[in-house]
Amino acid sequence: MRHEQIGSREAFFLLFAVLSAKVFLSTPRYIAEDAQTAAWLLIVLAALWAALGWAIMVAFLRRFPGLSLIEAVEQTLGPYLALPVQLVYTGLFVYVTVVALRQFAETVLSAILPITPISVISVTLLGASAYACYLGLESVTRTARFFVPVVVFLVTSLLLLAIPSGARADQLLPLLGPGPVALLWRSLQRSSLFIEVLLLGVLVPNLKEPEKMPRIGYQAIFASALFWLAVEVVFQMLFPYPAGAKNPFPLLAVARLIAIGRFLQRVESFFIFAWIFAAATKLSGMLYGAISSYAQLLHLKSYRPLTAPFLVLVLALSFLPSNLIEATQWDRGALRVWGAVPAFAPPLLLLGIAAIRGKGGRERARHKG
Amino acid sequence: MALSSAGCWDRSEIDELGYILALGVDPAPKGDWFYTIWLAVPRKMAPGAGGGGGGGAAGGPQRSINVTTIEAASLGTALQMMNTYIARRMTLEHAKAIVVSETQARSDMISILASAVRFREFRRNTMIVVTRGTARDFLEKNVPSIEENPARWLELMLGHEAWNGFIPRSTAHEFLLEEESEAMLPVTVLAGINERATKPLPGSTKGSDGKPDPSGGSGSDQPASPRLPPLFVDGAYLPGEVPRSGANEAELIGAAVFRGAKMVGELNGDEVRLTGLLRGKARRFFAAEPDPKFPGYYVGLDIRRAREPSVRVSFDGERPIVDVNVRLEGEITSIQSLYDWTTAENLSVLQEATARDLQKRMQNLVRRSQQEFHGDIFDFGDRARGHFLLWKDWADYDWNRHFPQAQVNLQVTFELRRVGLQLSPPPPPESMPQPGPRDQEPGGGQEGGGSP
């Protein structure tokens with residue numbers, strides 16, 4: 001397949017966008033529910049676990065320089081045994097896209113446009129994202145590079161403006177929330193919150209400087225964790241546990257609290273801009289990951305013909321959950337508990353298999369020699 | 001999405017919506033609710049429209065709002081049922097306050113608020129007001145005398161907690177957080193109708209013979225004598241009891257205290273100020289402090305918070321020990337006795353006496369919170385959270401259960417920084433009583449609500 005080339009900075013922004021967009025959904029709420037007053041600590045620990053998972057992924061991919069995750073799996077296991085593993089990765093990208101689309105659409109419906117049919121919102125969001133995918137990876141990454149600073153600026157402004165509305169640091173106490181053991185276990189599960197970093201594994205052949213791939217991944221994980229930490233801390237200072245764990249749209253609730261003087265009120269409209277930018281960027285990034293990984297799996301010369309079928313597939317699957325609660329359960333109860341297993345466990349196994357079979361690394365060096 | 005929101009399903013024209021400025025909730029006999037609303041009449045609120053918030057009975061031609069009541073089982077159906085006689089679609093997006101009757105507040109407050117915050121149009125920074133009597137009565141008789149826009153009246157009144165401290169800040173957001181918090185008891189604004197506001201104040205008029213009204217005396221021919229009892233505390237009123245005449249019958253003063261989402265007591269205006277000082281919320285207010293040398297005379301002070309109060313919590317076993325240091329500063333605004341309090345020595349006497357008086361009143365209030373409300377209305381509990389590492393331990397401790405046994409050590413320091421635009425006052429008239437002994441114990445604060 002012909003690969004478009006993107007710089008490491010574009011890759012970072014894309015990865016940051018797909019990792020961070022979930023702060024606009026109900027993720028801060030269920031993190032608060034998991035970790036009580038230590039939600040910020042859970043995010044830190046989850047990021048560390050995710051970095052460990054990424055390190056394993058990097059170790060595996062380093063044996064296959066210039067190859068994507070899909071191609072490296074095929075090199076290790078062969079074309080037939082690799083197929084189920086490759087489909088798992090494609091399926092993960094599809095699942096994340098489906099869940100994100102449905103949650104974003106439900107949030108728009110609940111908060112802004114209650115009468116508009118959900119299909120209109122879903123088609124609009126996904127259609128725009130799919131069009132960006134069709135135009136190419138460069139369109140997706142350059143859009144991310146443009147929108148991410150805007151989103152970060154808007155959210156940071158929102159958080160700073162919300163602090164005078166009653167934020168209190170003592171609401172972050174007691175420090176350890178449910179206790180160290182519970183925190184460690186839940187943070188291990190919630191490392192699933194960072195599985196979107198797999199997208200970088202699929203984009204390796206597209207990187208102008210593939211040797212920077214590990215660093216880009218670590219930077220994206222920790223930058224998004226820091227962004228998320230800021231959101232979670234301000235959210236908990238304003239909506240302390242247990243009340244905060246009952247709010248389905250944390251960032252929107254924070255935006256609606258802003259009332260400085262009589263003039264600066266009702267600023268959630270700015271927040272909605274950030275929300276839509278983040279949603280569109282995430283959807284386009286993850287959709288690209290799904291389409292590209294499947295195209296690699298099929299050894300297609302171009303991924304573009306798959307755009308329309310994947311659009312229909314994601315749209316159809318997004319309507320499977322009956323309601324917002326079920327859609328959130330698909331995310332919180334399934335993906336963000338067990339997602340790390342299919343994301344990070346296979347590279348560990350594959351690394352071992354590749355080493356045993358002598359695939360990649362020394363094999364290439366031997367062949368070159 | 002822009003197209004669909006601008007022109008399709010969720011489109012709303014401004015003149016199709018009925019803007020509810022305040023919502024009142026009373027229990028109805030059948031187990032449902034009476035919902036009373038202030039519905040804005042925008043054309044009468046425009047400058048020069050001549051509508052005005054005042055004049056006329058509820059819903060009369062002069063008012064810039066319409067007041068209507070409907071009985072329904074839920075808020076959503078109530079708003080839609082109003083469309084059987086009001087053309088515009090009701091919206092709560094601009095509601096400034098929810099008014100709940102005291103009867104309902106003493107029975108169940110949380111179900112009303114929990115329903116409201118779930119509704120998309122409702123904003124969590126809407127103020128919560130508990131009214132003595134019915135909410136319907138409060139909204140019907142509340143006729144602002146100056147503001148054409150009653151929403152403006154609400155905004156200004158409810159913002160007074162920073163200016164005079166007679167009411168607490170109580171939004172739906174804060175109430176729900178405090179109610180679920182393990183650390184304190186929530187309070188809300190207390191309101192009521194002052195039936196006496198339409199009559200002259202006792203003693204303020206002369207009788208038909210031209211002599212001072214025997215019911216009180218105008219005081220003009222009386223010899224100078226203490227006009228107030230020694231233990232008088234200005235502002236120590238509940239709604240409906242403020243001694244005044246004229247203007248709007250509605251009053252907002254004091255607070256309702258809640259425990260377990262039910263109202264369990266009231267604080268008068270002075271107690272709310274003291275609570276605000278202890279919580280670190282009150283910033284500045286005018287007060288009349290007993291003159292240390294002249295019982296019955298008072299010194300007007302402009303009291304301000306010098307710093308956030310310092311609150312430290314420690315534990316003696318299970319028993320909390322709370323050390324509170326309240327630092328205030330102020331300025332003399334008036335001296336009724338015309339004694340020269342502006343010398344350095346006398347300033348020191350006055351500020352110490354004021355500090356002692358405030359400390360004593362705060363101590364009485366703390367005792368009341370412990371013995372009557374059985375909980376912490378001062379938010380000391382949040383300072384205790386740091387002593388626990390796990391949430392479960394903090395929740396199991398149940399601060400409000402232990403606070404009645406807490407030892408609360410109060411320290412109030414008060415510094416008089418300025419004396420106004422006059423140094424020594426003019427010499428007093430000969431009829432003025434002579435000063436009493438120095439360092440005379442000042443009048444203590446009144447406990448509880450009620451008139452002087």
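How many helices and strands does chain A have? The legends below refer to a predicted model.

**View 1. Chain A as a whole.** Chain A has 15 helices and two strands. Its radius of gyration is 20 Å, close to the 21 Å that the globule rule gives for 369 residues, so chain A is as compact as a globular protein of that length. Taken along the principal axes, the box filled by the C-alpha atoms of chain A is roughly 75 × 45 × 35 Å.

**View 2. The interior of chain A.** Of the 369 residues in chain A, 55% are buried. Among contacts in chain A with a separation of 6 or more, 82% are between residues 24 or more positions apart.

**View 3. Confidence along chain A and residues 362-369.** The average pLDDT of chain A is 90, and 96% of the residues score at least 70. Over residues 362-369 of chain A, the pLDDT is below 50. Beyond near neighbours in sequence, this stretch has one contact in the model. Where pLDDT is low, the predicted coordinates should not be read in detail.

**View 4. The contact between chain A and chain B.** Chain A contributes 29 residues to the contact and chain B contributes 25 residues. On the side of chain B that touches chain A, at least two residues each come from α1 (2-7), α8 (172-180), α11 (381-384) and α12 (391-397) of chain B. The largest share of that side, five residues, is supplied by α8(B). By residue class, the side of chain B that touches chain A comprises 10 nonpolar, five polar and 10 charged residues.

Key. Residues are numbered from 1 along each chain as its sequence is written. Chains are lettered from A and ligands numbered from 1 in the order in which they are written. This is a predicted model: local features need pLDDT of at least 70, side-chain atom pairs count only at pLDDT 80 or more; totals for chains, interfaces and linings use all residues. Two residues are in contact if their C-beta atoms, placed from the backbone, lie within 7 Å. Helices (H or I, at least four residues) and strands (E, at least two) are DSSP runs, numbered from the N terminus. Ala, Val, Leu, Ile, Met, Phe, Trp, Tyr, Cys and Pro count as nonpolar, Asp, Glu, Lys and Arg as charged, and the others, Gly among them, as polar. The radius of gyration is taken over C-alpha atoms; the globule rule is 2.2 Å times the number of residues to the power 0.38. A residue is buried if 20 or more other C-beta atoms lie within 10 Å of its own, exposed if 12 or fewer, and partly exposed in between; C-beta atoms are placed from the backbone. pLDDT is the predictor's confidence in each residue, from 0 to 100.
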